[in-house]
Each structure stands twice: as C-alpha cells, then as structure tokens.
Amino acid sequence: MVTSAQALKKYGDPTLERNMVVWDVPGHLEMGAIPKKLYCNRDLIGPLSAAFNNLLARGKASELKTWDGCFNIRKKRGLTSMSLHSWGIAIDVNAAWNGLNMTPTLSPEFVKCFTDAGFDWGGTWTRKDGMHFQLKSI
Ligand SMILES: [Zn+2]
C-alpha cells in the first residue's frame, strides 16, 4: 500500500501541487455523478479512466451515487499522517453510505471495477474507509 512518506518523496510538498492537472473527463466516460472536469494527479488519470470504463462495461455505473472528492490537503481523519488525497491520488465516492468505521455498502462488483484498475480500497482496512479508493502503487 502506498504510504504518505512515499507520496511525499515522489510528489513533494503537496501545497506546491506539482503533478496536479485538470482532467477533462472524456465524454464517453461521463455519467451521472462523475465530474466533467476533475482536478487530480496526472498519475490518477490512467487508472481512473480504467475504473470508469469498468463501471460502464460491467453495468455498475448507476451504483455511483455521489462523487465526494479527490484533491484535498489534509491529515488522515483522526491521525497525524497525511491523507493521499493531499497529492490527488485518492478519491471518495458514495460517502453518505460508506463512512469511516461503518460497514461499507458498495457491492463487491463495484469495488472490483476499481481494484482491477489499480486501486486499493479502504473498505477492507482495519479502520474501514468504504468510500475511499487510492492508487495501489506510484
Ligand atoms: Zn478518501
């Protein structure tokens, strides 16, 4: 799993926003809750495109109810280390139904659309974070 120390080493001080780009999401990937433009790390674009493609190809796009953010410089909730959101390599979805330490409601098929595309899912962590997906490697 990618640590904040690895992200810091690769991308530097998150406040400098190096590697951050505005991704104009291709029209064929646009669906209800997905933003048309997304401010994210350039390294997120490939895996996230693949995940969105998986959602469409596997009929899981309608399960994406809310887009709850990507880039956000902050510490992990309740902890001292920086969240990978600080470097734009993590996303949150369906937050209202997948809160921290709650039993996630995302279907295994939905989750697999992301894990097959190169993401780790927070829903399997000891400290469950079911809304959260982050790059498996950087
Ligand atoms: Zn998150």
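**Notebook: salt bridges, cysteines and a pocket**

I began with Lys36, which pairs with Glu30 in a salt bridge whose closest N and O atoms are 3.6 Å apart. I noted that this is a predicted model, and then looked up how open the two partners are: Lys36 is exposed at 54% relative accessibility, whereas Glu30 is partly exposed at 30%.

Next I turned to Asp116, whose side chain meets that of Arg58 in a salt bridge of 3.0 Å, N to O. This pair links distant parts of the chain, 58 residues apart, since Asp116 sits in the loop between helix H3 (108-115) and strand S4 (119-121), while Arg58 sits in the loop between helix H2 (42-57) and strand S3 (90-92). Asp116 also forms a salt bridge with Lys112, with the closest N and O atoms 2.9 Å apart, and I therefore recorded Arg58, Lys112 and Asp116 as linked in a network of salt bridges. Asp116 is partly exposed at 41%, as is Lys112 at 45%. In total I counted six salt bridges.

Cys40 is buried, with a relative accessible area of 0%, and Cys113 is buried with a value of 0%.

Last, I looked at the largest pocket, which holds about 280 Å³ of space. Its lining has 17 residues, with Lys76, Trp125, Arg127, Asp129 and Gln134 nearest the centre, and divides into six nonpolar, six polar and five charged residues.

Terms used: Residues numbered from 1 in each chain as written. Predicted model: local features only at pLDDT ≥ 70, side-chain atom pairs only at ≥ 80, totals over all residues. Heavy atoms only, no water. 1 Å grid on protein atoms, 1.4 Å probe; cavity = no way out; pocket = protein on both sides within 12 Å on 5 of 7 lines; lining within 4 Å. Points joined across faces, edges and corners; volume = space filled by probe spheres on them. Nonpolar A, V, L, I, M, F, W, Y, C, P; charged D, E, K, R; others polar. Buried < 20%, exposed > 50% of the residue type's maximum accessible area, 1.4 Å probe, protein only. Salt bridge = Lys/Arg side-chain N within 4 Å of Asp/Glu carboxyl O. Helix = DSSP H or I, 4+ residues; strand = E, 2+ residues; numbered from the N terminus.
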